[in-house]
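Please look over the structure below. This report starts at the ligand and then moves out to helix packing and the backbone.

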Amino acid sequence: KNIATQDPNRCPAVIRFGYLKVPTWFSAQFPQEPDAEKLIFCEYCLQYTQCKSVMESHMRKCNWTKPPGTEIYRNGSLSVYEVDGNIDKIYCDTLCRIGKLFLNDKTVEYGVEKFRFYIMTKNDGFGNHLVGYFSKKKQRQGNFNVSCIIVMPQYQRKGYGRLLIEFSKRKLHEPTNLSSCLNKYHVLLIFSGYLLSIVEKQPGTPETPLTVLGQKSYNSYWKSVILEYLAKYTSCDPIHIKDIIRTTGLMEQDIINTLNSLNFFVEVFKKTTICIDWNVVDAHMQSKKLSERVQIEREKLNWTP
Ligand code: ACO
Ligand code: ZN
């Protein structure tokens, strides 16, 4: 069942993005073309206009084929770029406004300088097409590790949202330079299959409130992280939530809610105990094997430009 919603009075109602016509879901302000019913974007540099001929002439001149910033991940035709909101201000500002077209949230922050943007693209012979992005505050506040996450509608429901969530847990952009960061990942990878928790030692969670779609995506992501943790659990010792936190990098409350939704809590002699239904774990691992969704390949995280 599709749970996405749309505001019938939104503006612009539709955008042209590259060669695709994409109906929007909610309104957003585009200062250079206020109140335009329809906007046409250069899918690479994100310049926009309501006038077809203006865009045609832009496309003849524009030499962008990918987002600005640094490519920090590549696997086959998929890339992730890290873009500093303070450097590529106009690009990031427009990106946020495009994101707002799919966010039923009136309080989207446009102060892009304080954020880094991680932009996922699907690459073909013509260029690197925008799949989606997430933003992170440069100054981490509390346990929040993601401010906003968006997948363009034409790429939704294929697993890219989950991929962005998984990617967002990496400790991206530390004060050290990028190549030494990547080396660190590489070394850590050799020591452990559990990249996420070790790279991001501090457990993290997205900024709230989540949208209905955001909540659904996170619930489903947390469920699979925990079930996959359990599938690898071979010890006979009792399972403690703090071990799950340490290994997965999820927050305690998110783990508790997920175990609860899986009905893994039972009352034994008036004490709440984790009791795992291993059939649920096995069924999850089986369906993951058959799934055609895109998966992040951890060994590709040490990709160097
Ligand atoms: N209706 C019902 N279920 C859906 C829908 C939909 N329209 N879209 C995704 N889902 C489900 C998927 O079935 C999947 O669940 P499952 O694993 O149980 O099968 C789960 O959500 C994740 O699916 P993905 O394919 O990985 O996610 P997707 O690429 O579609 O992206 C996202 C998810 C980013 C939330 C996307 O829907 C989106 O951009 N929505 C608009 C913006 C938004 O609400 N962002 C989240 C804001 S909250 C925050 O940023 C912290
Ligand atoms: Zn352009």
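Helix α6 gives the largest share of the shell around ligand 1, with 5 residues. This is a predicted model. The shell holds 26 residues, and Gln156, Gly161, Thr211, Gly214 and Ser220 come nearest to the ligand. Three elements supply at least two shell residues each: β10 (148–151), α3 (160–168) and α6 (212–231). By class, the shell around ligand 1 has 13 nonpolar, 8 polar and 5 charged residues.

**Helix α6 and its partners**

Helix α6 also packs against other helices. Take α8 (residues 252–261) to begin with. The axes of α6 and α8 come within 10 Å and cross at roughly 85°. Angles of 65 to 115 degrees count as roughly perpendicular. The helices α6 and α8 are therefore roughly perpendicular to each other. On the α6 side, the contact uses Asn219, Trp222, Lys223 and Ile226. On the α8 side, Asp254, Ile255, Thr258, Leu259 and Ser261 take part. The contact of α6 with α8 is made up of 4 nonpolar, 3 polar and 2 charged residues.

Now turn to α7 (residues 241–248). Helices α6 and α7 pack at about 105°, and their axes are 11 Å apart. So α6 and α7 are roughly perpendicular to each other. Val225, Ile226 and Tyr229 of α6 meet Ile244, Thr247 and Thr248 of α7. In the contact of α6 with α7 there are 4 nonpolar residues, 2 polar ones and no charged ones.

Here is a rule to keep in mind when reading such lists. An α-helix has 3.6 residues a turn, so residues three or four places apart point the same way.

**Helix α2**

How far apart are the end C-alpha atoms of helix α2? They are 16 Å apart. Helix α2 covers residues 89–100, which makes 12 residues. At 1.5 Å a residue, α2 should span 16 Å, so the two values agree.

Which residues of α2 are buried? They are Tyr91, Cys92, Thr94, Leu95, Cys96, Ile98, Gly99 and Lys100.

**Backbone exceptions**

Most residues other than glycine have a negative phi, and most peptide bonds are trans. The table lists exceptions in this model.

| Site | Feature | Angle |
|---|---|---|
| Cys11 to Pro12 | cis peptide bond | omega near -5° |
| Thr208 to Pro209 | cis peptide bond | omega about 0° |
| Asp35 | positive phi, not a glycine | phi about 65° |
| Asn263 | positive phi, not a glycine | phi about 60° |

Where do these sites lie? Pro12 is in the segment before β1 (14–17). Pro209 sits in the loop between β11 (205–206) and α6. Asp35 belongs to the loop between β2 (20–23) and β3 (38–41). Asn263 is found in the loop between α8 and β12 (265–268).

Is Asp35 buried or exposed? Asp35 has 10 other C-beta atoms within 10 Å, so Asp35 is exposed. Asn263 has 10 such atoms within 10 Å, and therefore Asn263 is exposed.

How values were computed:
Residues are numbered from 1 along each chain as its sequence is written. Chains are lettered from A and ligands numbered from 1 in the order in which they are written. This is a predicted model: local features need pLDDT of at least 70, side-chain atom pairs count only at pLDDT 80 or more; totals for chains, interfaces and linings use all residues. A residue is near a molecule or strand if its C-beta atom, placed from the backbone, lies within 6 Å of it. Helices (H or I, at least four residues) and strands (E, at least two) are DSSP runs, numbered from the N terminus. Ala, Val, Leu, Ile, Met, Phe, Trp, Tyr, Cys and Pro count as nonpolar, Asp, Glu, Lys and Arg as charged, and the others, Gly among them, as polar. The expected span of a helix is 1.5 Å times one less than its number of residues. A residue is buried if 20 or more other C-beta atoms lie within 10 Å of its own, exposed if 12 or fewer, and partly exposed in between; C-beta atoms are placed from the backbone. Axes are lines fitted to C-alpha atoms, for helices over the stretch in contact, and angles run from 0 to 180 degrees between N-to-C directions. Angles under 35 degrees count as roughly parallel, over 145 as roughly antiparallel, 65 to 115 as roughly perpendicular and the rest as oblique. Two residues are in contact if their C-beta atoms, placed from the backbone, lie within 7 Å.
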